[in-house]
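Subject: Structure for your review

Dear colleague,

Please find below the structure that I am handing over to you.

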Amino acid sequence: MTWSRKIVSVGILALASAFLLFAPLGLKPYGIFILSMWAVMTIAAIGLNLTLGYAGQISLAQAAFVGIGAYVTGWLTTKGAWPFWPTYFLGFASCFVVGWLLGYPALRVQHHYLAFVTLAFNTLVYLVFRNEEWLTNGIYGLTNVPRPSLFGYSLKGAKEFYYFCLAHLVFVSAATWWLIRSPWGRAFVAVRENPIRALSLGVDTRRYTLMAFAIGAGLGGISGTLYAPLTQFVDPTPFALGLSLNLLLMVVLGGSGYFFGPFLGAVVAVLLPEWLRFAQGYYLMGYAVLVIVMMAFWPSGLLGLADRLLKR
Amino acid sequence: MLPAFFILIGTNTFGLPFWLAAILGGAATLILLGLAFKKLMVDPMIHHGVLPLVIATIGLAILMKEAVREFYGADAWPFPALWATTDVTVFGAVFAVQSLLILAVCIVVVGALQLFLAGTLTGRCMQATAQNPAVARLLGIRVERMVLYTFLINAGLVWIAALLVTPIYLAKFTNGEILGLYAFIAAIIGGFNQARGAILGGLLLGVIDNFCAVYISSNYRMAIPLLILIVVILVRPQGLLGRVEERTV
């Protein structure tokens, strides 16, 4: 990385952080809600970016993990009257375990077959959410999920909870940043680039493939445990296949395999439709055209484009 | 979904007779979903791997769905059946003539496709292109044209499927989602590189799906086909009738 690129990146990062810190002061509650949603979805997209962008394993089940996390927190804090933090760790742990198990098919099949296994898994999980009424309350959902408090300080307000989500995003980003610069991150990339060569160099591809799935799923779970208190209502519909496709869109559109790709992708997928709302019925059409055009001209995503422009 | 709405625009908006609207709708499908899809979306993106193309097709699906809803309406529209909706009794069992017709058309189409792929020069060239485009080009096959043919055939099949299935499900802007998913599952279960595989996959899927809905639980009717899909992919990734295609490492 040259010096000019470093300065540009640091400058953009500083501007973005300043915006994220001070934006809620001038926004209405709905705007703050959308920004919090952006933070929560970015966490899930970071997880998928780890699985897809770094380890090269396509997964269409990220929404299922967000759902599992949301249901763990939602169910335990309402019906079980648990405090937030134990459910937070439980949400992460359960998704980690399920993600590990879902990784096993990836050891056998790749590419579009793997996409279909994970797609089927996502739909199965959705069916369980919808039909097991004794557990999940079916389509009526879990209502009045409480927002947690931190050191006796209540996070009920929209602004307070936004900063809570933002703090999580910073924490998850820092942990991921550290992870992909550790030997593990290099092993993930090795598995993506050439599994056979990685294996012959002594990388335990089997373990790292499973690990990539498990960690990605765990981050999806964290996103879910934040989603439940954010919306204060958990029902099956948001965790259907559509969200998985949307998360995939975030990762690829932002720049799969770039650290800040999911951040930008989530801006496009979460914030852009809201900004386009002035076009009323046409806004989803405009959004779709934008996505197609972006993919036609910048297939490596927004950050891939930025990379090319800066290299010139 | 789209061909059905092309035809509806023909009959309802321009007042054309059904057969004419069906033919024009077919032509529009071939041009838009065959030619334009290939030239405008697949050609520029395929060099960059499959993922951008997948994302772009997701975008395209949203676009088509929203366009239909915005310009035509969110209602389910009745769609004229190709044949009178009467029943016949064969060997004591009652069949809807429509279902029998669908089955017959299906068998004829798959048979014709099989004959075309295996028996004609063009069909064999297409198979060669699918197996190894580079070698096919060396042998003097016009690879680009063969790929275009497959997209046109695909659009044509979609048109036939729309003609057959829309009278049963009505024309609604969300039709594409579930039907498209079922089509994919059927193709994988049967085997991607075989036309007969798709018919077996589709038949199995339809029968199992409906038996589950009746005998096990209609809430979980989608679950059993998905479980079968997972098992087939893990145990026999080439599909039930598919051949293994050798690949070099």
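This is a predicted model: local features need pLDDT of at least 70, side-chain atom pairs count only at pLDDT 80 or more; totals for chains, interfaces and linings use all residues.

I begin with helix α8 of chain A, which spans residues 183-193. Its buried residues are A:Gly185, A:Ala187, A:Phe188 and A:Val191. They lie on the same side of α8(A), because the arc they cover around the axis is only 160°. In general, an α-helix has 3.6 residues a turn, so residues three or four places apart point the same way.

Helix α5 of chain B, residues 121-131, can be described in like manner. Here B:Gly123, B:Cys125, B:Met126 and B:Thr129 are buried. Seen down the axis of α5(B), these residues fall within an arc of 160°, so they line one face of the helix. The partners against which they pack are α4 (97-119), α6 (133-138) and α7 (143-169) of chain B. Exposed residues B:Leu121, B:Arg124 and B:Gln131 are found on the face of α5(B) turned away from the buried side.

The next point concerns a pair of helices in chain A. The axes of α3 (residues 62-78) and α5 (residues 111-131) of chain A come within 8 Å and cross at roughly 30°. With that angle under 35 degrees, α3(A) counts as roughly parallel to α5(A). The crossing in which α3(A) passes α5(A) is left-handed. From α3(A), the contact is made by A:Gln62, A:Ala63, A:Ala64, A:Phe65, A:Gly67, A:Ile68 and A:Tyr71. From α5(A), A:Phe121, A:Asn122, A:Val125 and A:Phe129 take part. By class, the contact of α3(A) with α5(A) has eight nonpolar and three polar residues, and no charged ones.

Finally, I draw your attention to A:Gln232, in the loop between α10 and β4 (233-234) of chain A. The phi of A:Gln232 is near 60°, a positive value in a residue other than glycine. Is A:Gln232 buried or partly exposed? Its relative accessibility is 34%, so A:Gln232 counts as partly exposed.

With kind regards

Technical notes:
Residues are numbered from 1 along each chain as its sequence is written. Chains are lettered from A and ligands numbered from 1 in the order in which they are written. Side-chain values use heavy atoms; hydrogens and water are left out. Buried means under 20% relative accessible area, exposed over 50%, partly exposed in between (1.4 Å probe, protein chains only). Helices (H or I, at least four residues) and strands (E, at least two) are DSSP runs, numbered from the N terminus. The arc is that of the directions from the helix axis to the C-beta atoms. Axes are lines fitted to C-alpha atoms, for helices over the stretch in contact, and angles run from 0 to 180 degrees between N-to-C directions. Angles under 35 degrees count as roughly parallel, over 145 as roughly antiparallel, 65 to 115 as roughly perpendicular and the rest as oblique. A crossing is left-handed if the near helix is turned anticlockwise from the far one by less than a right angle, and right-handed if clockwise. Contact means heavy atoms within 4.5 Å. Ala, Val, Leu, Ile, Met, Phe, Trp, Tyr, Cys and Pro count as nonpolar, Asp, Glu, Lys and Arg as charged, and the others, Gly among them, as polar.
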